[in-house]
Amino acid sequence: MKRSFLLPFLLLPLAGCGSILTTKTPAPVYYQPEHEPARVDCGKGFDRGVRVWELSAAHPYNRPEMVVTMPGGEVRFSSAYQWVASPGAMVADELARDLGTGNLFPLVVSGDNPLVVPLDLTGRVDRFAWVQENGASHAALTVETSLVETGVSRKVLFRKVYDLRSGDFARDNSALFARAMGGLMARLSEELRRDLCQAAAGEPR
């Protein structure tokens, strides 16, 4: 990444157990937003396998550092509190796991799997942030997803943008942020699977 991309942003750390920002930089603490997938019953799923690719991400969400957006458009990164991987990789991993439950697809593989499958699930993370506004903080997740037939035509079978936000945190805390983001990823997974089930019902057989 070119250094010039970082100029509009302040590089300051997040606090884990106190106020949201601090001048100290302790050893990094890593977080994995986790959730248990909700059950989604699908009467008529797709009859083809799908590959879930790592999602791309708009700057500044293409890096593992936690991102805080402030009033007025200011963006801050944390060197002390980070995700275990980039948001696009984490979202893709969770979706691949959850899409493998139920009967929505007969086979779900990740991007590096050598098996040939006829469908691709791709997407982009447009927001994966700790948002401070109006004296409160919440998590925000915006993801665009597409289901596409592979091959020459690359026919788009489904496309939707999911724009989600959590409730306000009880206090500024990186662990609470990670927990809230896990809840948003659970909602994304459930809503996407329900929408894909509807798309599958309209598929010609």
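**Helix packing and a strand-end contact**

In this predicted model, Met 90, Val 91, Glu 94, Leu 95, Asp 98 and Leu 99 of helix α1 meet Met 185, Leu 188, Ser 189, Leu 192, Arg 193 and Leu 196 of helix α2, contact meaning heavy atoms within 4.5 Å. By class, 8 nonpolar, 1 polar and 3 charged residues make up the contact of α1 with α2 (Ala, Val, Leu, Ile, Met, Phe, Trp, Tyr, Cys and Pro count as nonpolar, Asp, Glu, Lys and Arg as charged, and the others, Gly among them, as polar). An α-helix has 3.6 residues a turn, so residues three or four places apart point the same way.

Residues are numbered from 1 along each chain as its sequence is written. Local features need pLDDT of at least 70, side-chain atom pairs count only at pLDDT 80 or more, totals for chains, interfaces and linings use all residues, and side-chain values use heavy atoms, with hydrogens and water left out.

Helix α1 covers residues 87-99 and helix α2 residues 174-201; the two pack at an angle of about 50°, with their axes 10 Å apart.

Elsewhere, Glu 149 belongs to strand β9, residues 136-149. The side chains of Glu 149 and Arg 48 are joined by a polar contact of 2.8 Å. Not counting residues up to four places away in sequence, Glu 149 touches Arg 48, Pro 118, Leu 119, Arg 154, Lys 155 and Leu 157. A polar contact is a pair of N or O atoms within 3.5 Å; within protein, one must be able to donate a hydrogen and the other to accept it, and residues adjacent in sequence count only if both atoms are side-chain atoms.

Technical notes:
Axes fitted to C-alpha atoms, helices over the stretch in contact; angles between N-to-C directions. Helix = DSSP H or I, 4+ residues; strand = E, 2+ residues; numbered from the N terminus.
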